[in-house]
Amino acid sequence: MVSVYTLTLAPSLDSATLTPHIYPEGKLRCSAPVFEPGGGGINVARAIAHLGGKATAIFPAGGATGEHLTALLADEHVPTQCIETHDWTRQNLHVHVEASGEQYRFVMPGATLTVDEFRRLEEKVLAIESGAILVISGSLPPGIDVTKLTQLIKAAQQKGIRCIVDSSGDALSAALDIGNIELVKPNQKELSALAGRELTQPDDVQNAAKEIVRQGKALRVVVSLGPQGALAVDGNQCVQVVPPPMRSQSTVGAGDSMVGAMTLKLAEGASLEDMVKFGVAAGSAATINQGTKLCSRADTQKIYDYLRNL
């Protein structure tokens, strides 16, 4: 299996809590918070670790929150390559309301990255061995624009690093313009934005995904369809996988779990069908949990076995 790395430019220390009710102005009594690492690439690396694989997380960290984040990753046995930053790592808050089942996600802006801090991250990325897979996932922090991201992807590809990009908006569009991206996972709304049109007809999603592959922008496109699972396309085939009906507790972490599972299968050289089935299984497994928890290996395996036996 080839080596896997992830890059997170805007990591976070996530805290999750429960409260009986939510209302303005009064004191909302909450349960003791549960702290977990956060940020797209970090969660992808964690999901891979949960599934029995290994991925090295590359990220910036600063202040006491950054130290807490790094310690939590060590507790989960996730290998890290970290650079220290002047700004403290952000802290996000997830609140689950017991009475209504609603979930509130308070997401803070990422810590600003200086030119020197980004350069040190870039050095770690470009030291990755040729043939390895790099998952670039999550939002861009203040101080980093899309141009810097695309320059990094181009430099990585020139060194033979296989790049997966899980982003949205301008960052995703710019990455696809580079071409030869190993895998992208837009949802239907994001795919519509990439196609420049509403995808309303039965074959529209499939055709839009195929067009991205045909143009050489990505080798594989997996369109996340929520409860309908996912549609996967490469140069040879198209596969749709629908998960079994499940009671969803939270969608937080489902996308990262899905990307982590698919990356693990891609690193193993699995087929497109096997890759997307494992990805849908992991994404579905994450939704069973409350708060910010990712997929578990046992739940993922059960759903994966079900999908393989259909």
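Guide: Helices (H or I, at least four residues) and strands (E, at least two) are runs assigned by DSSP, numbered from the N terminus. On that numbering, Glu25 falls in the loop between strand 2 and strand 3. This model is predicted: local features need pLDDT of at least 70, side-chain atom pairs count only at pLDDT 80 or more, and totals for chains, interfaces and linings use all residues. Residues are numbered from 1 along each chain as its sequence is written, and side-chain values use heavy atoms, with hydrogens and water left out.

Visitor: Why is Glu25 called exposed?

Guide: Exposed means over 50% relative accessible area, buried under 20%, and partly exposed in between (1.4 Å probe, protein chains only). Glu25 has 84%, so it is exposed.

Visitor: What makes the phi of Glu25 stand out?

Guide: Most residues other than glycine have a negative phi. Glu25 has a positive one, near 75°. His77 has a positive phi too, near 60°. His77 is in the loop between helix 2 and strand 5, and at 68% relative accessibility it counts as exposed. Just after helix 5, Gly179 also takes a positive phi, about 95°.

Visitor: How do you know whether Thr89 is buried or exposed?

Guide: Its relative accessible area is 6%, so Thr89 is buried. Thr89 lies in the loop between strand 5 (80-84) and strand 6. Contact means heavy atoms within 4.5 Å. Neighbours within four places in sequence aside, the contacts of Thr89 include Pro11, Leu13, Pro60, Thr65 and Leu69.

Visitor: Why is strand 8 called largely enclosed?

Guide: Five of its five residues, 133-137, are buried, so the rest of the structure largely encloses strand 8. Ile133, Val135 and Ser137 point one way, Leu134 and Ile136 the other, and all are buried.

Visitor: What makes strand 8 and strand 9 a pair?

Guide: Two strands pair if DSSP finds at least two bridges between them. Strand 8 and strand 9 have five, in the parallel sense. There Ile136 faces Val165 of strand 9. Strand 1 (residues 4-7) is joined to strand 8 by four bridges, also running parallel. Val4 is opposite Ile133.

Visitor: Why are strand 3 and strand 7 said to stand at the edges?

Guide: Four strands form an open sheet in the order 3-2-6-7, with mixed pairing. Strand 3 (34-38) and strand 7 each have a single partner strand, so one side of each is left without a neighbour in the sheet. The twist averages 20° from one strand to the next. Strand 6 (residues 90-97) and strand 7 share four bridges in the antiparallel sense. Leu93 has Phe106 of strand 7 as its bridge partner.

Visitor: What makes the nonpolar surface patch a patch?

Guide: A patch takes residues with over 30% relative accessible area and no salt bridge; like charges are joined within 9 Å, nonpolar side chains (Val, Leu, Ile, Met, Phe, Trp, Tyr) within 5 Å. A salt bridge puts a side-chain nitrogen of Lys or Arg within 4 Å of a carboxyl oxygen of Asp or Glu. Ile22, Tyr23, Leu28, Leu93, Tyr104, Phe106 and Met108 make this patch, about 560 Å² in area.

Visitor: Why is Tyr104 called partly exposed?

Guide: Tyr104 is in strand 7 (residues 103-106). Its relative accessibility is 30%, so it counts as partly exposed.

Note on methods
Areas by Shrake-Rupley, 256 points an atom, 1.4 Å probe, with all protein chains shown as cover. Axes fitted to C-alpha atoms, helices over the stretch in contact; angles between N-to-C directions.
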